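Notebook open, viewer loaded. I want to go from the whole chain down to single residues and jot things down as I look them up.

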Amino acid sequence: MEHLVYPSKGLSEQAFEKREVLFETWHVKAEYAWDTGVAIGKYLAELKEGRIVGRRCFKCKRVMVPPRMFCEHCFRPTDEWAYVQDIGTVKTFSLCYVRWDMVRLTEPEIPAVIDLDGASRGMGIMHKLGAVDSRAVKIGMRVQAVWKPPAERTGSITDIAYFKPL
Ligand SMILES: [Zn+2]
C-alpha cells in the first residue's frame, strides 16, 4: 500500500525526514519473461552465429535491419530473410568523454550509426567504434565488425564488440 500526499511544490528530503509526507515502502515481487518475437529472435540468434540478418520487402525492395515482419512503408508483411555484410559506413558519430555511469574518460567512447552494406538507406544500426584514433574518425569512414569469440556470444548486439576501420 502506498499513501502519498503530494504538496503543491516539489518534494524535498526534509519533507520525508519530518514525516510531512506519509509513505510506506514494500518490495515488489515481479517475475516476468520477455519474448523477442520472430524477427528480433532470429536477428539475435544470427548475431550469436556471427551473421547479421534483415528482412526484405518485395514491394518497396528495402532490406530492413534489424528485421521486422511487417513493412511500415507498404503496410504488408515482409517477404524473406536477407543477410547483410558486417562491413559498413559511418553515418554519424559522437565522442563521449563521460561513461554511462558518469565516470569521466580521457579516451572517448565513440558511439556511431553505421550503414551496413546490403541494408537499405536509413537502416543504420547504433554501435560503437574501436581500435581507432578518435581524431581520425570521419563520417563516411568504412568500418568492419569485430566479433567476440563464439564462446562469449550470447545472442545480443554486443556479440559485436565494436566496429574498427577497414
Ligand atoms: Zn515495403
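My entries follow, from overall layout to local detail.

**Overall.** I'm working with a predicted model, so I read it as such. I counted elements for the chain and got two helices and 11 strands. The radius of gyration is 22 Å, well over the 15 Å that the globule rule gives for 166 residues, so the chain is more spread out than a compact globule.

What share of the 166 residues counts as buried? I get 19% for the chain. For contacts with a separation of 6 or more, I find that 46% come from residues 24 or more positions apart.

**Helix α2.** Just after α2 I noted Gly50, which has a positive phi of about 85°.

Val28 sits in the loop between α1 (13-17) and α2 (37-48). Is Val28 buried or exposed? I find 4 C-beta neighbours inside 10 Å, and the cut-off for exposed is 12 or fewer, so Val28 counts as exposed.

**The three-stranded sheet.** Next I traced an open sheet with the order β2-β1-β5 and antiparallel pairing. Which strands stand at the edges? They are β2 (63-64) and β5 (80-84); each has a single partner strand, so one side of each is left without a neighbour in the sheet.

**Strand β1.** I then took the pairings of β1 one by one. With β5, β1 pairs in the antiparallel sense over five bridges, and I find Ile52 opposite Val84 of β5. With β2, strand β1 (residues 52-56) is joined antiparallel by two bridges; here Arg56 has Val63 as its bridge partner. Four of the five residues of β1 are buried, so β1 is largely enclosed by the rest of the structure.

**The hairpin.** Last stop: the hairpin of β1 and β2 has six residues between the strands. I looked up Lys61 there and noted a positive phi near 70°.

Notes: Residues are numbered from 1 along each chain as its sequence is written. This is a predicted model: local features need pLDDT of at least 70, side-chain atom pairs count only at pLDDT 80 or more; totals for chains, interfaces and linings use all residues. Two strands pair if DSSP finds at least two bridges between them. A residue is buried if 20 or more other C-beta atoms lie within 10 Å of its own, exposed if 12 or fewer, and partly exposed in between; C-beta atoms are placed from the backbone. The radius of gyration is taken over C-alpha atoms; the globule rule is 2.2 Å times the number of residues to the power 0.38. Two residues are in contact if their C-beta atoms, placed from the backbone, lie within 7 Å.
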